[in-house]
Amino acid sequence: MKRQSNENKITALYCRLSHDDMLQGDSNSIKNQKQILSEYAEKNGYTNCQFYVDDGISGTTFDRAGFQSMIGDIENGKVNTVIVKDMSRFGRDYLKVGYYTEVMFTEYGVHFIAVNDGVDSELESNDFTPIRNLLFYAKDCSKKIRAVWKSKGSAGERLAAVPVYGYIKDPENPRHLLIDEEAAPIVQRIYKMCLSGMGPTQIAKTLEAEKVLRPSYHLNNIGMNHRTDLGKNPYGWSETGIAAILDRVDYLGHTVNFKYQSKSYKCHKAVKRPKEEQMIFYNTHEPFISQEDWDMVQKIRNGRRRRNSTGEVNKFSGLLYCADCGARLYYHAMSKAANSHFQCGTYSYHATKAECSTHYIREVVIEQIVLNEINKIISAANINSDALMEIISKRNADISEKATAKRKRELAAAKKRYDELDRLFTKIYEDNASGKISDEHFGKMSAAYEAEQAELSKAISEYSSALTEQTNQSQNAKKFLNIAKKYSQITELTPQILHEFIDKIVGFTLPIKVPGGAWCRSISITILLALLDNMTSIHF
């Protein structure tokens, strides 16, 4: 029977597609939905048709721009009929679907049709079974989609619908990334600013002042993002956004899958997974940040660096420790720069001053000491690197031989005890089966054995890693010399230079920072300077 919309009211043709629906192919695409609804409306005589569309929005929420616009027109009496392809396009929360289709639409006299499900609110023989089936539809659908995502992600296929800032999708392969020639230099600059000593807040303020588009606006401009709520300030970079960029391994050419998850289909809040549950696939696309720069940025940012009263971060922040109590030394900025100093945190902030004495040193003094000492190492590395390597190797051998022997003993003891617990567990299991040990006693003993084995397993892993580090010490020493040879003479200290050479300053003895080297934690600059016959001890 041909129909005509009453009083020339709107025939609302509603279409919806979520990112998850894209996994199921083109059958649910917006284009396909529009075609089905247009043909149905024309065939059945519905006129004054108007599309309401939500693209990329989940059906478990009804806070969708297109849907709310349609509801607003219904409340204003402008809509006579609502037509959807099927019930799942309308929504996936059966309670709200039931409210709209059976309560609200009835109150406003709206005729509702779901074409493929055979739902027509004006037919007496109307079959509302599809609505009742929505009770478990969203949950079942969520399980299926999660399984698809897990399969794709485990195979190394990039899961993110929107590319990470600095990349664009490859037109020939949307799951592959190409370098974004406009955004990549911004990311590289952010890393350089961090290496120069600027924190995320300072970097964000700098980019905002220079009117650099934030990532969401940039991605929208190049058609890679479809967010509707972008915020009012297109240049409003945030501290958290900068920190996220500085933390991404994507810029090294790697893909990280399963970094976040939602708790359920009802709660869409993304929760970060533990690192051990994430999956990293290496060399999946072209990098534009070097491993060296990325590693250095992580070292700088892991130093728990604090801003002072002027809003700046001191270059020594997170490196200085008291030799007596082991507490951090905190920076005190003074009106006269020459008087700015570091003071023991225990003495400064604890009520009981007797816990430590009033240690402090002026910033200009420690800066000059460290600058001189690092320049001596650089000079030694460039003048006679073989002699310096020999000193490092000899000192390293003395320390490493004892440490290696101790680690081997600890590792052997842990493995022996682990195997012994296996045998004990087998014995108590047999005793329990034969009735010699009660179930309650067996439960307590087995729990204790399992807990001890878990601790031993962790210890075995740590001892093995330590031994592996010690076997790589020669290579680590060469890396250190290569770092020193990069420079001829340093005239100004930067956070990057400090973190390349120094692990931490304790009582103003300076342990050398060598990538991955266990030996560096016990060698000071004064020991390495033996080549120059300068055994300066630094105290305050």
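This is a predicted model: local features need pLDDT of at least 70, side-chain atom pairs count only at pLDDT 80 or more; totals for chains, interfaces and linings use all residues.

Trainee: How many helices and strands does the protein chain have?

Mentor: Helices (H or I, at least four residues) and strands (E, at least two) are DSSP runs, numbered from the N terminus. Here the chain has 17 helices and 16 strands.

Trainee: And what percentage of the residues count as buried?

Mentor: Buried means under 20% relative accessible area, exposed over 50%, and partly exposed in between, using a 1.4 Å probe and protein chains only. Of this chain's 540 residues, 42% count as buried.

Trainee: How many disulfides does the structure hold?

Mentor: A disulfide is a pair of cysteine sulfur atoms within 2.5 Å. The structure holds 0 of them.

Trainee: How many aromatic pairs are there?

Mentor: Rings of Phe, Tyr and Trp (its six-membered ring) pair if their centres lie within 6.5 Å; planes under 30 degrees apart count as stacked, over 60 as edge-to-face and the rest as tilted. A search of the whole structure gives 21 pairs. Tyr 167 and Tyr 251 are stacked, because their ring centres are 6.3 Å apart and their planes are at 10 degrees. That pair links distant parts of the chain, 84 residues apart: Tyr 167 belongs to strand E6 (residues 167-170), and Tyr 251 to the loop between helix H9 (239-247) and strand E8 (255-257). Tyr 167 is buried at 0% relative accessibility, and Tyr 251 is buried at 0% too. Now look at Phe 316 and Phe 342: with centres 6.1 Å apart and planes at 85 degrees, they are edge-to-face. Both Phe 316 and Phe 342 are buried.

Trainee: Which charged end sits over the ring of Phe 67?

Mentor: A charge sits over a ring if NZ of Lys or CZ of Arg is within 6 Å of the ring centre and within 35 degrees of the ring normal. For Phe 67, it's the charged end of Arg 64, 5.0 Å from the ring centre. Lys 34 does this over Phe 51, at 5.4 Å.

Trainee: Which residues touch the most other members of the largest nonpolar core?

Mentor: A nonpolar core is a set of buried Ala, Val, Leu, Ile, Met, Phe, Trp, Tyr and Cys residues joined through side-chain atoms within 4.5 Å. The largest has 32 residues, and Ile 190, Tyr 191, Trp 237 and Tyr 251 touch the most other members. Helix H6 (184-195) is among the elements that each supply at least two residues, and H6 gives the most, with 8.

Trainee: Where is Asp 180, and is it buried or exposed?

Mentor: Asp 180 lies in the loop between E7 and H6. At 7% relative accessibility, Asp 180 is buried. Contact means heavy atoms within 4.5 Å. Leaving aside neighbours within four places in sequence, Asp 180 contacts several residues, including Tyr 167 and His 218. The C-alpha atoms of Asp 180 and Tyr 167 are separated by 4.5 Å, although the two are 13 residues apart along the chain.

Definitions and conventions: Residues are numbered from 1 along each chain as its sequence is written. Side-chain values use heavy atoms; hydrogens and water are left out.
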